[in-house]
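Colleague: I have a model open on my screen and would like to learn how to read it. Could you walk me through a few features?

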Amino acid sequence: MEALDLEKLKYPIGKFEFPTEFSPEYISDKIHEIESFPERLKKETIHLTDEQLDTPYRPDGWTIRQVIHHCAESHMNCYIRIKWALTENNPVIKPYDENLWSHLPDNLKMPIEPTLTLLEGLHFRLAFIMKNLSYEDLEKSFIHPENNSEYKIKLLIATYAWHGNHHLAHITTLKKDKNWK
């Protein structure tokens, strides 16, 4: 497989691009993407067979099942990071190794329905808290220790909107390539 093809499979909607402006409309649009993610994900995955769920979206990539469980884990971390940033002064967050997590038994074997349900509640909470952030809240931040960088909540909103769309595109691209309904 050519590097260009593999890159397109890894990033079907492109790599995350840092916004140049965080207008109220932009933030609102991203919150809506986050809010609607569980329903969009469920629509694309709920009728897939176990064989389809256990199909990697690219060579050496995660299976659809792993992607779904990863989204819940990643977005739970997002929620906790927002809470820390809102309640502590620029806290240092705890990173996790998403690849190691993706190879634990729950990510490899567990049905997707409980995770889809978890995502519904989680994203309701994420959207609720995000819709109620003030301008000052959007500027609050945390430190990620892997690169000692500061991340503001407004960037987290943009990142996680992209993240959901990114992984959803992994699934829809695979479904299209395999001619799955």
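This is a predicted model: local features need pLDDT of at least 70, side-chain atom pairs count only at pLDDT 80 or more; totals for chains, interfaces and linings use all residues.

Colleague: How many aromatic pairs does a search of the whole structure find?

Modeller: A pair of aromatic rings is described by the distance of the centres and the angle of the planes. Here, rings of Phe, Tyr and Trp (its six-membered ring) pair if their centres lie within 6.5 Å; planes under 30 degrees apart are stacked, over 60 edge-to-face and the rest tilted. The search of the whole structure gives 6 such pairs. In one of them, the ring centres of F22 and Y26 are 5.9 Å apart with planes at 85 degrees, so this pair is edge-to-face. In another, F124 and F128 have centres 6.5 Å apart and planes at 20 degrees, so they are stacked. Ring pairs also link F16, F18 and W162 into a cluster.

Colleague: Are F124 and F128 buried or exposed?

Modeller: Buried means under 20% relative accessible area, exposed over 50%, and partly exposed in between (1.4 Å probe, protein chains only). F124 is exposed at 56%, and F128 is exposed at 53%. By contrast, F22 is partly exposed at 25%, as is Y26 at 22%.

Colleague: Where do F124 and F128 lie?

Modeller: Both sit in helix α7 (residues 113-131), 4 residues apart, about one turn of the helix. Helices (H or I, at least four residues) are DSSP runs, numbered from the N terminus. An α-helix has 3.6 residues a turn, so residues three or four places apart point the same way.

Colleague: Which residues of α7 are buried?

Modeller: They are T115, L116, L119, L122, H123, L126, A127, I129 and M130. These cover an arc of only 160 degrees around the axis, which puts them on the same side of α7; the arc is taken from the directions from the helix axis to the C-beta atoms. The face turned away from that buried side carries the exposed T117, F124 and F128. Among the elements covering the buried residues are α2, α4 (64-87) and α9 (153-178).

Colleague: And how do I read two packed helices, such as α2 and α4?

Modeller: Two packed helices are described by the angle between their axes and the distance between the axes. Axes are lines fitted to C-alpha atoms, for helices over the stretch in contact, and angles run from 0 to 180 degrees between N-to-C directions. The axes of α2 and α4 come within 12 Å and cross at roughly 170 degrees. The two helices are therefore roughly antiparallel (angles over 145 degrees). F37, L41 and T45 in α2 meet I64, I68, C71 and H75 in α4, where contact means heavy atoms within 4.5 Å.

Colleague: What does K30 contact, leaving aside its neighbours within four places in sequence?

Modeller: K30, in helix α2 (residues 24-45), is buried at 17% relative accessible area. With those neighbours set aside, K30 is in contact with I157, A158 and A161.

Colleague: Which residues does Q52 touch, not counting residues up to four places away in sequence?

Modeller: Q52 lies in helix α3 (residues 50-53) and is buried at 15%. On that count, Q52 touches H47, I64 and W180.

Definitions and conventions. Residues are numbered from 1 along each chain as its sequence is written. Side-chain values use heavy atoms; hydrogens and water are left out. Angles under 35 degrees count as roughly parallel, over 145 as roughly antiparallel, 65 to 115 as roughly perpendicular and the rest as oblique.
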